[in-house]
Amino acid sequence: MSAQVGAAGQTAPELFVLRDEKGPILYAPLGKLMARANEPAIEAALAFAKDPATFDAMTADEQSVIRAFGERGFFKQHAFPQHNVGFCPVQVTLFPTNGCNLRCSYCYAFGGEGGNNGEPITRMKLEVAQRAIDIIARNAKSRRDAGEPVRNFLVSIHGNGEPFCAFDLIREIVFYGQDVSEELDIPVVFNAASNGVLTDEQLDFVLANFNNMNISFDGLPEFQDANRPIAGGKGSFAAVDRTMRRLCEAGLNFGIRTTVTADMVDAMPRIVEFVATSYPTVEQLHFEPVWECGRCLTSSNTMPASGVFTKRYLESLEVAERMGLRLVFSGARQDMVVDTFCKVSSGSFTVTPTGDVTACYEVSYKSDPRSERFFFGHFEDELGDFVFDQDKLDALSELNVHNIRFCDDCFCRWHCAGDCAAKVLDGIGIDEHHGSVRCEISRALTLNQIQRRLNWKPQEEGSPQDGKE
(Lines give C-alpha, C1' and ligand atoms only; values in the text may rest on other atoms or scores of the structure.)
Protein backbone atom coordinates (compact mmCIF):
# COMPACT_ATOMS: atom_id res chain seq x y z
CA MET A 1 0.00 0.00 0.00
CA SER A 2 1.14 3.58 -0.42
CA ALA A 3 0.29 7.04 0.83
CA GLN A 4 0.51 9.70 -1.84
CA VAL A 5 -0.10 13.42 -1.81
CA GLY A 6 -0.39 15.35 -5.06
CA ALA A 7 -0.52 14.28 -8.69
CA ALA A 8 2.05 13.71 -11.42
CA GLY A 9 4.29 16.73 -11.74
CA GLN A 10 3.46 18.01 -8.26
CA THR A 11 5.16 17.18 -4.97
CA ALA A 12 4.45 14.36 -2.58
CA PRO A 13 5.85 12.57 0.46
CA GLU A 14 5.19 9.26 -1.30
CA LEU A 15 5.43 6.27 1.04
CA PHE A 16 5.19 2.55 0.44
CA VAL A 17 5.00 -0.33 2.88
CA LEU A 18 7.08 -3.39 2.01
CA ARG A 19 7.09 -6.63 3.96
CA ASP A 20 9.51 -9.48 4.39
CA GLU A 21 10.10 -12.16 7.02
CA LYS A 22 11.40 -9.55 9.47
CA GLY A 23 8.30 -7.38 9.23
CA PRO A 24 7.30 -4.10 7.55
CA ILE A 25 9.60 -1.57 5.88
CA LEU A 26 8.60 2.05 5.31
CA TYR A 27 9.99 3.17 1.97
CA ALA A 28 10.12 6.66 0.44
CA PRO A 29 11.49 6.12 -3.10
CA LEU A 30 11.78 9.78 -4.07
CA GLY A 31 14.07 10.41 -1.12
CA LYS A 32 15.67 6.94 -1.26
CA LEU A 33 14.77 6.50 2.42
CA MET A 34 13.90 3.24 4.12
CA ALA A 35 13.34 2.12 7.71
CA ARG A 36 12.08 -0.87 9.59
CA ALA A 37 9.23 -0.13 12.01
CA ASN A 38 6.38 -1.88 13.78
CA GLU A 39 2.84 -1.89 12.44
CA PRO A 40 1.49 0.96 14.65
CA ALA A 41 4.39 3.20 13.58
CA ILE A 42 3.76 2.38 9.94
CA GLU A 43 0.03 3.13 10.28
CA ALA A 44 0.75 6.47 11.96
CA ALA A 45 3.23 7.45 9.25
CA LEU A 46 0.79 6.63 6.45
CA ALA A 47 -2.03 8.54 8.15
CA PHE A 48 0.14 11.61 8.68
CA ALA A 49 1.47 11.52 5.09
CA LYS A 50 -2.09 11.41 3.78
CA ASP A 51 -3.34 14.18 6.08
CA PRO A 52 -0.91 16.09 8.36
CA ALA A 53 -3.90 17.50 10.26
CA THR A 54 -4.26 14.10 11.97
CA PHE A 55 -1.15 14.86 14.06
CA ASP A 56 -3.03 16.70 16.80
CA ALA A 57 -5.36 13.75 17.36
CA MET A 58 -2.52 11.25 17.68
CA THR A 59 -1.25 9.80 20.93
CA ALA A 60 2.02 11.00 22.40
CA ASP A 61 3.77 7.84 21.20
CA GLU A 62 2.41 8.29 17.67
CA GLN A 63 3.51 11.92 17.61
CA SER A 64 6.99 10.84 18.72
CA VAL A 65 7.09 8.39 15.82
CA ILE A 66 6.02 11.08 13.36
CA ARG A 67 8.74 13.42 14.62
CA ALA A 68 11.35 10.68 14.26
CA PHE A 69 10.31 9.90 10.69
CA GLY A 70 10.13 13.61 9.93
CA GLU A 71 13.66 14.24 11.19
CA ARG A 72 14.89 11.58 8.79
CA GLY A 73 13.11 13.25 5.88
CA PHE A 74 10.30 10.77 5.23
CA PHE A 75 7.69 13.52 4.92
CA LYS A 76 9.78 15.87 2.84
CA GLN A 77 8.11 17.12 -0.31
CA HIS A 78 9.81 15.88 -3.49
CA ALA A 79 9.03 16.78 -7.06
CA PHE A 80 8.11 13.80 -9.20
CA PRO A 81 10.86 13.18 -11.76
CA GLN A 82 10.29 14.64 -15.20
CA HIS A 83 12.17 13.80 -18.41
CA ASN A 84 13.22 16.37 -20.99
CA VAL A 85 10.75 16.43 -23.86
CA GLY A 86 12.59 18.79 -26.21
CA PHE A 87 14.43 16.97 -29.01
CA CYS A 88 17.97 18.34 -29.07
CA PRO A 89 20.17 15.22 -28.92
CA VAL A 90 23.88 15.26 -28.18
CA GLN A 91 24.29 11.55 -28.80
CA VAL A 92 23.38 9.19 -31.61
CA THR A 93 23.35 5.43 -31.97
CA LEU A 94 24.21 4.26 -35.47
CA PHE A 95 23.32 0.84 -36.85
CA PRO A 96 25.86 0.44 -39.72
CA THR A 97 24.37 -2.83 -40.98
CA ASN A 98 21.85 -5.57 -40.31
CA GLY A 99 24.33 -8.12 -41.63
CA CYS A 100 25.85 -10.45 -39.05
CA ASN A 101 28.55 -13.10 -38.79
CA LEU A 102 26.62 -15.00 -36.06
CA ARG A 103 23.26 -16.72 -36.01
CA CYS A 104 22.27 -16.41 -32.35
CA SER A 105 19.39 -18.72 -31.50
CA TYR A 106 17.41 -16.01 -29.66
CA CYS A 107 18.28 -12.90 -31.72
CA TYR A 108 15.42 -10.39 -31.45
CA ALA A 109 16.32 -8.90 -34.85
CA PHE A 110 17.09 -12.04 -36.88
CA GLY A 111 20.59 -10.60 -37.41
CA GLY A 112 22.01 -11.50 -40.80
CA GLU A 113 18.60 -12.53 -42.12
CA GLY A 114 16.85 -9.18 -42.52
CA GLY A 115 14.40 -9.39 -39.66
CA ASN A 116 11.26 -11.45 -39.26
CA ASN A 117 10.12 -10.61 -42.78
CA GLY A 118 13.47 -11.05 -44.51
CA GLU A 119 14.20 -7.43 -45.40
CA PRO A 120 17.35 -6.93 -47.50
CA ILE A 121 20.76 -6.93 -45.85
CA THR A 122 21.59 -3.22 -45.87
CA ARG A 123 24.51 -0.93 -45.07
CA MET A 124 24.04 2.61 -43.89
CA LYS A 125 25.08 5.31 -46.34
CA LEU A 126 28.07 7.30 -45.10
CA GLU A 127 26.29 10.61 -45.65
CA VAL A 128 23.50 9.46 -43.31
CA ALA A 129 25.99 8.84 -40.50
CA GLN A 130 27.82 12.09 -41.22
CA ARG A 131 24.66 14.18 -41.04
CA ALA A 132 23.65 12.51 -37.76
CA ILE A 133 27.06 13.36 -36.30
CA ASP A 134 26.75 16.95 -37.52
CA ILE A 135 23.44 17.31 -35.70
CA ILE A 136 24.57 16.01 -32.32
CA ALA A 137 27.96 17.75 -32.42
CA ARG A 138 26.44 21.14 -33.16
CA ASN A 139 23.74 20.58 -30.55
CA ALA A 140 26.44 19.77 -28.02
CA LYS A 141 28.41 22.88 -28.87
CA SER A 142 25.39 25.19 -28.74
CA ARG A 143 24.18 23.71 -25.47
CA ARG A 144 27.63 23.95 -23.93
CA ASP A 145 27.99 27.53 -25.10
CA ALA A 146 24.61 28.27 -23.51
CA GLY A 147 25.97 27.12 -20.16
CA GLU A 148 24.58 23.60 -20.01
CA PRO A 149 26.84 20.90 -18.52
CA VAL A 150 27.53 19.26 -21.88
CA ARG A 151 31.16 18.18 -22.16
CA ASN A 152 31.12 16.09 -25.36
CA PHE A 153 29.02 14.43 -28.00
CA LEU A 154 28.59 10.67 -28.08
CA VAL A 155 28.58 8.33 -31.08
CA SER A 156 27.49 4.77 -30.25
CA ILE A 157 27.93 1.95 -32.73
CA HIS A 158 25.30 -0.73 -32.31
CA GLY A 159 23.13 -2.74 -34.63
CA ASN A 160 20.35 -5.06 -35.57
CA GLY A 161 23.29 -7.07 -36.88
CA GLU A 162 26.99 -7.06 -36.03
CA PRO A 163 28.17 -3.49 -36.68
CA PHE A 164 31.76 -4.49 -37.42
CA CYS A 165 30.57 -6.46 -40.44
CA ALA A 166 30.63 -2.95 -41.97
CA PHE A 167 34.10 -2.18 -40.65
CA ASP A 168 35.14 0.10 -43.50
CA LEU A 169 32.05 2.24 -42.81
CA ILE A 170 32.80 2.34 -39.08
CA ARG A 171 36.31 3.60 -39.85
CA GLU A 172 34.88 6.45 -41.92
CA ILE A 173 32.33 7.26 -39.21
CA VAL A 174 35.04 7.49 -36.56
CA PHE A 175 37.35 9.60 -38.72
CA TYR A 176 34.50 11.97 -39.54
CA GLY A 177 33.49 12.27 -35.89
CA GLN A 178 37.07 13.11 -34.96
CA ASP A 179 37.25 15.77 -37.68
CA VAL A 180 34.02 17.38 -36.48
CA SER A 181 35.25 17.28 -32.90
CA GLU A 182 38.40 19.12 -33.89
CA GLU A 183 36.49 21.64 -36.03
CA LEU A 184 34.00 22.52 -33.28
CA ASP A 185 36.47 22.15 -30.42
CA ILE A 186 34.29 19.77 -28.45
CA PRO A 187 35.34 16.21 -27.51
CA VAL A 188 33.77 13.14 -29.08
CA VAL A 189 33.23 9.82 -27.28
CA PHE A 190 32.90 6.53 -29.18
CA ASN A 191 31.15 3.48 -27.72
CA ALA A 192 30.37 0.16 -29.37
CA ALA A 193 28.29 -2.95 -28.80
CA SER A 194 29.56 -6.08 -30.51
CA ASN A 195 29.27 -9.85 -30.55
CA GLY A 196 33.03 -9.94 -30.07
CA VAL A 197 33.94 -11.92 -33.19
CA LEU A 198 36.51 -9.41 -34.45
CA THR A 199 39.66 -9.54 -36.55
CA ASP A 200 43.05 -8.29 -35.40
CA GLU A 201 42.65 -5.21 -37.58
CA GLN A 202 39.26 -4.44 -36.09
CA LEU A 203 40.52 -4.94 -32.54
CA ASP A 204 43.51 -2.68 -33.18
CA PHE A 205 41.15 0.02 -34.44
CA VAL A 206 38.80 -0.35 -31.45
CA LEU A 207 41.66 -0.10 -28.98
CA ALA A 208 43.00 3.00 -30.70
CA ASN A 209 39.71 4.87 -31.07
CA PHE A 210 36.91 3.66 -28.79
CA ASN A 211 36.30 4.66 -25.18
CA ASN A 212 34.42 1.53 -24.16
CA MET A 213 32.65 -1.54 -25.49
CA ASN A 214 29.87 -3.89 -24.52
CA ILE A 215 30.28 -7.52 -25.54
CA SER A 216 27.37 -9.95 -25.88
CA PHE A 217 28.62 -13.19 -24.37
CA ASP A 218 26.74 -16.08 -22.80
CA GLY A 219 29.12 -16.64 -19.94
CA LEU A 220 30.43 -20.18 -20.38
CA PRO A 221 31.98 -21.84 -23.45
CA GLU A 222 29.22 -24.42 -23.82
CA PHE A 223 26.42 -21.82 -23.77
CA GLN A 224 28.28 -19.42 -26.05
CA ASP A 225 28.89 -22.11 -28.69
CA ALA A 226 25.33 -23.46 -28.48
CA ASN A 227 23.41 -20.16 -28.42
CA ARG A 228 25.68 -17.89 -30.43
CA PRO A 229 27.22 -19.91 -33.28
CA ILE A 230 29.05 -18.40 -36.21
CA ALA A 231 27.01 -18.43 -39.43
CA GLY A 232 27.57 -21.95 -40.70
CA GLY A 233 27.37 -23.56 -37.27
CA LYS A 234 30.88 -23.33 -35.78
CA GLY A 235 31.13 -22.24 -32.15
CA SER A 236 32.15 -18.65 -31.41
CA PHE A 237 33.60 -18.94 -27.90
CA ALA A 238 37.25 -19.07 -28.95
CA ALA A 239 36.94 -15.88 -31.01
CA VAL A 240 35.07 -13.92 -28.34
CA ASP A 241 37.35 -15.14 -25.56
CA ARG A 242 40.34 -13.90 -27.56
CA THR A 243 38.71 -10.49 -28.04
CA MET A 244 37.92 -10.02 -24.35
CA ARG A 245 41.39 -11.09 -23.26
CA ARG A 246 42.86 -8.47 -25.57
CA LEU A 247 40.51 -5.84 -24.16
CA CYS A 248 41.67 -6.80 -20.66
CA GLU A 249 45.33 -6.61 -21.65
CA ALA A 250 44.84 -3.19 -23.21
CA GLY A 251 42.82 -1.84 -20.28
CA LEU A 252 39.84 -0.75 -22.40
CA ASN A 253 36.63 -0.29 -20.41
CA PHE A 254 34.14 -2.98 -21.34
CA GLY A 255 31.09 -4.77 -20.03
CA ILE A 256 29.48 -8.11 -20.76
CA ARG A 257 25.80 -8.73 -21.46
CA THR A 258 24.59 -12.29 -20.93
CA THR A 259 21.18 -13.37 -22.17
CA VAL A 260 19.82 -16.00 -19.78
CA THR A 261 17.62 -18.79 -21.12
CA ALA A 262 15.75 -21.43 -19.12
CA ASP A 263 18.44 -23.95 -20.04
CA MET A 264 21.24 -21.89 -18.50
CA VAL A 265 19.57 -20.15 -15.56
CA ASP A 266 20.93 -22.58 -12.96
CA ALA A 267 24.48 -21.84 -14.14
CA MET A 268 24.30 -18.10 -13.40
CA PRO A 269 26.59 -18.28 -10.32
CA ARG A 270 29.13 -20.30 -12.32
CA ILE A 271 28.97 -17.71 -15.10
CA VAL A 272 29.83 -14.96 -12.62
CA GLU A 273 32.80 -16.90 -11.32
CA PHE A 274 34.04 -17.71 -14.84
CA VAL A 275 33.75 -14.11 -16.03
CA ALA A 276 35.39 -12.62 -12.94
CA THR A 277 38.26 -15.10 -13.14
CA SER A 278 38.81 -15.03 -16.91
CA TYR A 279 38.33 -11.31 -17.59
CA PRO A 280 39.48 -9.47 -14.46
CA THR A 281 39.12 -5.93 -15.82
CA VAL A 282 35.50 -6.23 -16.98
CA GLU A 283 33.44 -3.37 -15.51
CA GLN A 284 30.13 -5.12 -15.12
CA LEU A 285 28.18 -8.26 -15.98
CA HIS A 286 24.61 -7.67 -17.12
CA PHE A 287 22.18 -10.59 -16.77
CA GLU A 288 18.99 -10.29 -18.78
CA PRO A 289 16.37 -13.05 -19.14
CA VAL A 290 15.69 -13.80 -22.77
CA TRP A 291 12.54 -12.20 -24.12
CA GLU A 292 10.59 -14.60 -26.28
CA CYS A 293 10.62 -12.90 -29.66
CA GLY A 294 12.62 -13.09 -32.89
CA ARG A 295 14.43 -16.39 -33.33
CA CYS A 296 13.25 -17.50 -29.89
CA LEU A 297 9.91 -18.23 -31.51
CA THR A 298 11.50 -20.78 -33.83
CA SER A 299 14.18 -22.18 -31.49
CA SER A 300 14.06 -24.07 -28.22
CA ASN A 301 15.08 -21.04 -26.14
CA THR A 302 12.56 -20.01 -23.50
CA MET A 303 12.50 -17.43 -20.73
CA PRO A 304 13.36 -18.75 -17.26
CA ALA A 305 10.64 -18.65 -14.63
CA SER A 306 10.78 -15.35 -12.77
CA GLY A 307 11.23 -16.97 -9.37
CA VAL A 308 14.07 -19.15 -10.58
CA PHE A 309 15.84 -16.25 -12.29
CA THR A 310 15.49 -14.15 -9.13
CA LYS A 311 16.85 -16.90 -6.89
CA ARG A 312 19.84 -17.59 -9.14
CA TYR A 313 20.50 -13.87 -9.58
CA LEU A 314 20.70 -13.38 -5.82
CA GLU A 315 23.04 -16.35 -5.54
CA SER A 316 25.12 -14.85 -8.34
CA LEU A 317 25.17 -11.51 -6.55
CA GLU A 318 26.85 -13.12 -3.56
CA VAL A 319 29.56 -14.54 -5.85
CA ALA A 320 29.95 -11.23 -7.70
CA GLU A 321 30.38 -9.23 -4.49
CA ARG A 322 32.96 -11.70 -3.23
CA MET A 323 34.91 -11.47 -6.50
CA GLY A 324 34.61 -7.70 -6.97
CA LEU A 325 32.37 -7.79 -10.04
CA ARG A 326 29.37 -5.49 -10.53
CA LEU A 327 26.22 -7.43 -11.44
CA VAL A 328 23.17 -5.71 -12.94
CA PHE A 329 19.66 -6.38 -14.22
CA SER A 330 17.98 -3.59 -16.18
CA GLY A 331 14.79 -3.41 -14.11
CA ALA A 332 16.41 -3.38 -10.65
CA ARG A 333 17.95 0.05 -10.04
CA GLN A 334 16.90 1.36 -6.65
CA ASP A 335 19.63 4.00 -6.86
CA MET A 336 17.86 5.71 -9.78
CA VAL A 337 14.79 7.97 -9.55
CA VAL A 338 13.36 8.45 -13.04
CA ASP A 339 10.05 8.55 -14.88
CA THR A 340 11.16 6.61 -17.99
CA PHE A 341 12.85 3.24 -18.33
CA CYS A 342 15.12 4.49 -21.14
CA LYS A 343 15.36 7.44 -23.51
CA VAL A 344 12.42 6.38 -25.66
CA SER A 345 10.26 9.15 -24.18
CA SER A 346 12.77 11.87 -25.01
CA GLY A 347 13.31 10.77 -28.60
CA SER A 348 16.35 8.50 -28.46
CA PHE A 349 18.23 9.28 -31.68
CA THR A 350 18.95 5.87 -33.21
CA VAL A 351 19.51 5.49 -36.95
CA THR A 352 18.91 2.17 -38.70
CA PRO A 353 20.86 0.93 -41.75
CA THR A 354 18.06 2.18 -44.00
CA GLY A 355 18.27 5.71 -42.55
CA ASP A 356 15.10 5.46 -40.50
CA VAL A 357 15.14 7.02 -37.03
CA THR A 358 13.82 4.87 -34.21
CA ALA A 359 13.44 5.61 -30.52
CA CYS A 360 14.09 1.96 -29.62
CA TYR A 361 17.01 -0.35 -30.39
CA GLU A 362 14.66 -3.31 -30.52
CA VAL A 363 12.42 -1.80 -33.20
CA SER A 364 14.63 -1.42 -36.25
CA TYR A 365 12.64 -2.59 -39.30
CA LYS A 366 9.74 -0.89 -41.03
CA SER A 367 8.08 -4.29 -41.28
CA ASP A 368 7.92 -4.48 -37.47
CA PRO A 369 4.35 -3.48 -36.49
CA ARG A 370 5.83 -1.52 -33.57
CA SER A 371 7.62 0.81 -36.00
CA GLU A 372 4.43 2.84 -36.33
CA ARG A 373 4.94 3.91 -32.72
CA PHE A 374 8.73 4.06 -32.44
CA PHE A 375 9.89 5.36 -35.84
CA PHE A 376 9.82 9.17 -35.79
CA GLY A 377 12.03 10.23 -38.67
CA HIS A 378 14.13 9.30 -41.67
CA PHE A 379 16.97 10.56 -43.82
CA GLU A 380 15.65 12.26 -46.94
CA ASP A 381 18.11 11.72 -49.79
CA GLU A 382 16.90 14.68 -51.83
CA LEU A 383 17.29 17.04 -48.89
CA GLY A 384 20.49 15.46 -47.63
CA ASP A 385 19.05 15.76 -44.15
CA PHE A 386 16.85 14.10 -41.56
CA VAL A 387 13.14 14.81 -41.36
CA PHE A 388 11.53 14.34 -37.96
CA ASP A 389 7.85 13.87 -37.16
CA GLN A 390 6.96 16.11 -34.22
CA ASP A 391 3.62 14.39 -33.70
CA LYS A 392 5.45 11.08 -33.24
CA LEU A 393 7.89 12.71 -30.82
CA ASP A 394 4.98 14.14 -28.85
CA ALA A 395 3.36 10.71 -28.67
CA LEU A 396 6.63 9.10 -27.56
CA SER A 397 6.97 11.66 -24.78
CA GLU A 398 3.79 10.23 -23.26
CA LEU A 399 5.41 6.81 -22.78
CA ASN A 400 6.35 7.45 -19.17
CA VAL A 401 5.32 6.06 -15.82
CA HIS A 402 3.12 9.09 -15.00
CA ASN A 403 0.68 7.67 -17.55
CA ILE A 404 0.86 4.00 -16.49
CA ARG A 405 -1.94 3.41 -14.03
CA PHE A 406 -0.81 -0.18 -13.45
CA CYS A 407 2.33 1.19 -11.74
CA ASP A 408 0.63 3.67 -9.40
CA ASP A 409 0.82 1.46 -6.32
CA CYS A 410 4.17 -0.18 -7.06
CA PHE A 411 7.20 0.84 -5.01
CA CYS A 412 9.40 0.32 -8.11
CA ARG A 413 7.61 2.85 -10.25
CA TRP A 414 10.26 5.57 -9.95
CA HIS A 415 13.04 3.03 -10.50
CA CYS A 416 12.04 0.72 -13.37
CA ALA A 417 9.57 3.39 -14.56
CA GLY A 418 7.19 0.96 -16.20
CA ASP A 419 9.90 -1.19 -17.81
CA CYS A 420 10.79 -1.50 -21.50
CA ALA A 421 8.04 0.01 -23.65
CA ALA A 422 8.88 -2.14 -26.66
CA LYS A 423 8.25 -5.27 -24.59
CA VAL A 424 5.33 -4.41 -22.32
CA LEU A 425 3.45 -2.19 -24.79
CA ASP A 426 3.75 -4.50 -27.78
CA GLY A 427 0.52 -3.94 -29.71
CA ILE A 428 -1.32 -2.18 -26.87
CA GLY A 429 -1.90 1.36 -25.62
CA ILE A 430 -0.20 2.71 -22.52
CA ASP A 431 -3.50 2.59 -20.62
CA GLU A 432 -3.54 -1.18 -21.25
CA HIS A 433 -0.13 -1.72 -19.66
CA HIS A 434 -0.61 -4.66 -17.30
CA GLY A 435 2.96 -5.56 -16.42
CA SER A 436 4.85 -8.72 -17.24
CA VAL A 437 6.94 -11.44 -15.62
CA ARG A 438 9.77 -8.90 -15.65
CA CYS A 439 7.80 -6.92 -13.05
CA GLU A 440 8.06 -9.85 -10.67
CA ILE A 441 11.83 -9.92 -11.12
CA SER A 442 12.21 -6.16 -10.79
CA ARG A 443 10.19 -6.00 -7.58
CA ALA A 444 12.02 -8.89 -5.96
CA LEU A 445 15.49 -7.63 -6.85
CA THR A 446 14.70 -4.03 -5.95
CA LEU A 447 13.35 -5.14 -2.59
CA ASN A 448 16.58 -7.07 -2.09
CA GLN A 449 18.56 -3.91 -2.82
CA ILE A 450 16.54 -2.12 -0.14
CA GLN A 451 17.10 -4.95 2.31
CA ARG A 452 20.83 -4.84 1.67
CA ARG A 453 20.85 -1.13 2.38
CA LEU A 454 19.19 -2.00 5.68
CA ASN A 455 22.05 -4.45 6.31
CA TRP A 456 19.83 -7.47 6.13
CA LYS A 457 20.06 -10.56 3.93
CA PRO A 458 17.48 -13.34 3.53
CA GLN A 459 18.03 -16.29 5.86
CA GLU A 460 15.76 -18.68 4.03
CA GLU A 461 15.30 -19.64 0.41
CA GLY A 462 12.49 -18.16 -1.62
CA SER A 463 11.86 -14.82 -3.23
CA PRO A 464 10.71 -11.87 -1.07
CA GLN A 465 7.20 -10.46 -1.25
CA ASP A 466 6.52 -8.22 -4.20
CA GLY A 467 5.77 -5.16 -2.08
CA LYS A 468 2.53 -4.48 -3.91
CA GLU A 469 -0.57 -4.77 -1.76
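On a 1 Å grid over the protein atoms alone, a pocket is an open set of points with protein on both sides within 12 Å along at least five of seven lines, a cavity is a set of points where a 1.4 Å probe fits but cannot get out, and lining residues have an atom within 4 Å of a point. Grid points are joined across faces, edges and corners, and a volume is the space filled by probe spheres set on the points.

This is a predicted model, in which local features need pLDDT of at least 70 and side-chain atom pairs count only at pLDDT 80 or more, while totals for chains, interfaces and linings use all residues. Residues are numbered from 1 along each chain as its sequence is written, and side-chain values use heavy atoms, with hydrogens and water left out.

**Pocket and cavities**

The second largest pocket holds about 410 Å³ of space. Closest to its centre are Tyr108, Asn116, Gly294, Asp368 and Arg370. Four cavities of 30 Å³ or more are counted. In the largest cavity, Phe341, Leu399, Ala417, Asp419 and Ala421 lie nearest the centre. The table sorts both linings by class: Ala, Val, Leu, Ile, Met, Phe, Trp, Tyr, Cys and Pro are nonpolar, Asp, Glu, Lys and Arg are charged, and the others, Gly among them, are polar.

| Space | Volume | Lining residues | Classes |
|---|---|---|---|
| Second largest pocket | about 410 Å³ | 22 residues | 10 nonpolar, six polar, six charged |
| Largest cavity | about 110 Å³ | 17 residues | 11 nonpolar, five polar, one charged |

**Sheet and helix**

Helices (H or I, at least four residues) and strands (E, at least two) are DSSP runs numbered from the N terminus; two strands pair if DSSP finds at least two bridges between them. An open sheet of mixed pairing is formed by 11 strands, in the order β13-β12-β11-β10-β9-β8-β7-β14-β15-β16-β17. Its edge strands, β13 (326–328) and β17 (385–388), each pair on one side only. Strands β11 (residues 253–260) and β12 (residues 284–289) run parallel and are joined by five bridges. Ile256 stands opposite Leu285 in β12.

Helix α4 (residues 167–184) lies across β7 (91–94), β8 (153–157) and β9 (188–194), at about 160° to β9. Axes are lines fitted to C-alpha atoms, for helices over the stretch in contact, and angles run from 0 to 180 degrees between N-to-C directions.

**Asparagine 214**

Asn214 lies in strand β10 (residues 212–216). Not counting residues up to four places away in sequence, Asn214 touches Ala192, Ala193, Ser194, Gly255, Ile256 and Arg257, contact meaning heavy atoms within 4.5 Å. Its relative accessible area is 29%, so Asn214 is partly exposed (buried is under 20%, exposed over 50%, partly exposed in between; 1.4 Å probe, protein chains only). Asn214 and Asp134 are 80 residues apart in sequence and 25 Å apart in space, C-alpha to C-alpha.
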